[in-house]
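Visitor: I have a model open and would like to learn how to read its features. Could you walk me through it?

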Amino acid sequence: MSAWFAALMGIVQGLTEFLPISSSGHLVLLQSFLGADIEHDYMLFDVLLHFGTLISVFICFWPDIRDMIVEFFRLIGDLFRGKPDLNKTPARRMMIMVVLATVPMLIVPFVNDKIEVLFSKPLLVGVMLFVTAIILYIADRTRYGKKTAATAGFKDAFIVGCLQLIALIPGISRSGTTIMGCSVRGFKRDFSVKFAFLMSIPVILGANIFTVKDALAQGFDMALLFPYIIGVLCAALSGIAAISLVRFIANRKSYRPFSVYCVCAGALAIVLSIVLL
């Protein structure tokens, strides 16, 4: 693996993980048309790239994450004192909302085999990218509400978490789906983006848990240390750029450019699937 290839994979991972254009869909297309099976040929590298994107979330949302960690331990203390108050602070509510939004993902281990089959179907990815474009259109057309961490309901968080399951299908954007779900549930536009990205923390960690054991068993070639470091740095930096871009667009613009991109990418994927595969 060259440093240039590692950098490219890091940039692709960081951008597609957070831009509402489906990272899993781009992974399928990359593997199908370029023959680069990163997940299986370089499992540890794949885990490290996800770690890089996780770093970008922590950098961009560290004040919120720090407050949620503090509230987690304070809640445990309140439980021991027999005075648990789930609504004590917005940070505590946010922490509980992230947990509730993650609960539906617990079914993933039971359907993982069926999901993996979908990763060999680039034609499906092309069609699902059209679905992502529709999802983003709905997110744009929906009138956002005023709910924040202080006023959003725990039911809202769970429903958004259920919608997240749709994004298990490669080609459907996780961030796009959750942002759309937040808008439908009446979240403020900027809070929708924040919650969608904070939700990604346990999802990214969970995805790595499934592969880290096999990745470590595969071994590590010290000759790949430099390319791996380059890949992780590129994933983190491009992840920060992607998060910043989505936050900027959420506050000032529409998601139309991403919708157009998904339509074009989906059409190209369908054509190439028919012609080349």
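Visitor: What is the mean pLDDT of the chain?

Guide: pLDDT is the predictor's confidence in each residue, from 0 to 100. The chain has a mean of 84, and 90% of its residues reach 70 or more. Confidence is lowest in helix 3 (residues 38-41), at a mean of 54, and highest in helix 6, at 93. Helices are DSSP runs (H or I, at least four residues), numbered from the N terminus, while strands are runs of E with at least two. Where pLDDT is low, the predicted coordinates should not be read in detail.

Visitor: Which residue forms a salt bridge with aspartate 78?

Guide: Side chains of opposite charge can pair when their charged atoms come close. The criterion for a salt bridge is a side-chain nitrogen of Lys or Arg within 4 Å of a carboxyl oxygen of Asp or Glu. Aspartate 78 pairs with lysine 88, and their closest N and O atoms are 3.8 Å apart. Because aspartate 78 lies in helix 5 and lysine 88 in the loop between helix 5 and helix 6, the pair ties together parts that are 10 residues apart in sequence. Lysine 88 is partly exposed, at a relative accessible area of 48%.

Visitor: How many salt bridges does a search of the whole structure find?

Guide: The search finds 10. One of them joins arginine 92 to glutamate 71, with the closest N and O atoms 2.9 Å apart. Arginine 92 sits in helix 6 (residues 90-102) and glutamate 71 in helix 5 (residues 62-80), 21 residues apart. Both arginine 92 and glutamate 71 are buried. Arginine 189 forms a salt bridge with aspartate 140, at 3.5 Å between the closest N and O atoms. Shared partners also join Glu71, Arg74, Asp78, Arg81, Lys88 and Arg92 into one network of salt bridges.

Visitor: At what angle do helix 11 and helix 13 pack?

Guide: Two packed helices are described by the angle between their axes and the distance between the axes. Axes are lines fitted to C-alpha atoms, for helices over the stretch in contact, and angles run from 0 to 180 degrees between N-to-C directions. For helix 11 and helix 13 (residues 225-252), the angle is about 155° and the axes are 8 Å apart.

Visitor: What about helix 8 and helix 10: at what angle do they pack?

Guide: Helix 8 and helix 10 (residues 174-184) pack at about 30°, with their axes 9 Å apart, and are therefore roughly parallel to each other. Helix 10 is mostly covered, with 10 of its 11 residues buried. After helix 10 comes glycine 186, with a positive phi near 90°.

Conventions:
Residues numbered from 1 in each chain as written. Predicted model: local features only at pLDDT ≥ 70, side-chain atom pairs only at ≥ 80, totals over all residues. Heavy atoms only, no water. Buried < 20%, exposed > 50% of the residue type's maximum accessible area, 1.4 Å probe, protein only. Parallel < 35°, antiparallel > 145°, perpendicular 65-115°, else oblique.
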